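Welcome! Here is a short tour for someone meeting this structure for the first time. Take a look at the sequence and the model, and then we can walk through them together.

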Amino acid sequence: MQTALSPYLFDATGGLRWHARALAARHGAWAPFRAGLADWLETWKPRSRRLLLLGPSAGWCLPDAFLARFDAVHGVDLDLLSEPLFRLAHPRSPPATWSRVDLFANLAALLEGARGHAVLLCNVAGQRRLHAGVAQAEADIARLRDALAGRDWASFHDLLSGACADDLTPLQAQRRMGGAQVLAHYRQGGEWLDHLTGALLPPQAPRRILPWRITGARLHFVEAGFISREGY
Ligand SMILES: C[S@@+](CC[C@H](N)C(=O)[O-])C[C@H]1O[C@@H](n2cnc3c(N)ncnc32)[C@H](O)[C@@H]1O
């Protein structure tokens, strides 16, 4: 069991296994996903030049060109290795500070402390069900969405994951697509894990679905969208 002092090195959502996998795959099997993510991040133009990264790990999937658009970055991640590896992976990152805390347990203080920052949730919301039960994860994700009201924020997050061997390309959607619609679009059946993030973005927000082959047999459908203070 993880405790408040745990370095989260053997965690289901990050830690050593995640870093090893990222190092092995980021320029190979993950390259199409990383390119799709970079392309989507180009379309997000928050007004602030300060960025709060929630759950960035070492930023294995975050492009340097995106980080370079900001003057300062603050990362929040449970994993002890996230900060030093982020600095190694992004040597030209803007000055970065870090909080090694649970973002859900410290949400109000983190958002208050980064009041003028744009917020990017870095594939973290869909991990909540791996730390908490389904009901708790749903409640936490709804609380997260409500706490971000009035901010410039963006999120990319697991929507569904499952076994799939097909090569799939990104999809642009003008509004929310339920998991069943996404699977129908990609002509996928079988069993898929619902990451409980379907209601994180407002229904009217445009979004992209980025297929991500995380390992040989396993594919994640990552949903990516943003909200500005004025709307979408
Ligand atoms: C899938 S990884 C994100 C990867 C990242 N997008 C990248 O480019 O490398 C999820 C990260 O979220 C962190 N995390 C998960 N739950 C968290 C929580 N409740 N609070 C803070 N960090 C959390 C994990 O430690 C892990 O580093």
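Leaving aside neighbours within four places in sequence, which residues is Arg128 in contact with? They are Asp102, Phe104, Ala137, Asp140 and Ile141. Please keep in mind that this is a predicted model.

**Charged residues on the inside**

- Arg128 is part of helix H6, and with a relative accessibility of 12% it counts as buried. The cut-off for buried is under 20% relative accessible area.
- Glu223 sits in strand E9 and counts as buried, at 0% relative accessibility.
- Not counting residues up to four places away in sequence, Glu223 touches Ser155, Phe156, His157, Leu159, Thr197, Leu201, Arg207, Arg208 and Ile209.
- Between the C-alpha atoms of Glu223 and Met177 there are 9.7 Å, although the two residues are 46 residues apart along the chain.
- Asp158 belongs to strand E5, and its relative accessibility of 2% makes it count as buried.
- Among the residues that Asp158 touches, not counting those up to four places away in sequence, are Asn123, Gln127, His195, Thr197 and His220.
- Asp158 and Phe33 are 125 residues apart in sequence, yet their C-alpha atoms are 12 Å apart in space.

**The two largest pockets**

- The largest pocket has a volume of about 770 Å³. Its lining is made up of 42 residues, and Ala12, Thr13, Gly14, Trp18 and Gln127 are the closest to its centre.
- Helix H1 (15–25), helix H6 (128–131), strand E5 (153–163) and strand E9 (218–227) each give at least two residues to the lining of the largest pocket. H1 provides the largest share, with 4 residues.
- Sorted by class, that lining of the largest pocket contains 20 nonpolar, 13 polar and 9 charged residues.
- The second largest pocket holds about 240 Å³ of space. Of the 15 residues that line it, Pro32, Phe33, Leu168, Pro211 and Arg213 lie nearest its centre.
- Helix H2 (31–43) and strand E8 (207–213) each contribute at least two residues to the lining of the second largest pocket, which by class has 10 nonpolar, 2 polar and 3 charged residues.

- In soluble globular proteins, nonpolar side chains tend to be buried together.
- Here, the largest nonpolar core has 34 residues, and Leu51, Leu53, Leu120 and Phe156 have the most contacts inside it. H2 gives the most to this core, with 4 residues.
- Apart from this core lies another one, of 23 residues, which include Val76, Trp153, Leu196 and Ile227.
- Leu51 makes contact with Trp44, Phe66, Leu67, Phe70, Ala72, Val73, His74, His117, Ala118 and Leu120, leaving aside its neighbours within four places in sequence.

**One side of helix H4**

- Within helix H4 (residues 82–89), the residues Ser82, Leu85, Phe86 and Ala89 are buried. They lie on the same side of H4 because they cover an arc of only 105° around the axis.
- An α-helix has 3.6 residues a turn, so residues three or four places apart point the same way.
- The elements covering the buried residues of H4 include H1, strand E1 (50–54), helix H3 (64–67) and strand E3 (96–99).

**Two loop residues with a positive phi**

- Asn123 is not a glycine, but it has a positive phi of about 60°. You can find Asn123 in the loop between strand E4 (118–122) and H6, where it counts as buried at 12% relative accessibility.
- Leu196 is not a glycine either, and its positive phi is about 70°. Leu196 is in the loop between strand E7 (192–194) and E8, and it is buried, with a relative accessible area of 13%.

Methods. Residues numbered from 1 in each chain as written. Predicted model: local features only at pLDDT ≥ 70, side-chain atom pairs only at ≥ 80, totals over all residues. Heavy atoms only, no water. 1 Å grid on protein atoms, 1.4 Å probe; cavity = no way out; pocket = protein on both sides within 12 Å on 5 of 7 lines; lining within 4 Å. Points joined across faces, edges and corners; volume = space filled by probe spheres on them. Nonpolar A, V, L, I, M, F, W, Y, C, P; charged D, E, K, R; others polar. Core = buried A, V, L, I, M, F, W, Y, C linked by side-chain atoms within 4.5 Å. Buried < 20%, exposed > 50% of the residue type's maximum accessible area, 1.4 Å probe, protein only. Contact = heavy atoms within 4.5 Å. Arc of directions from axis to C-beta.
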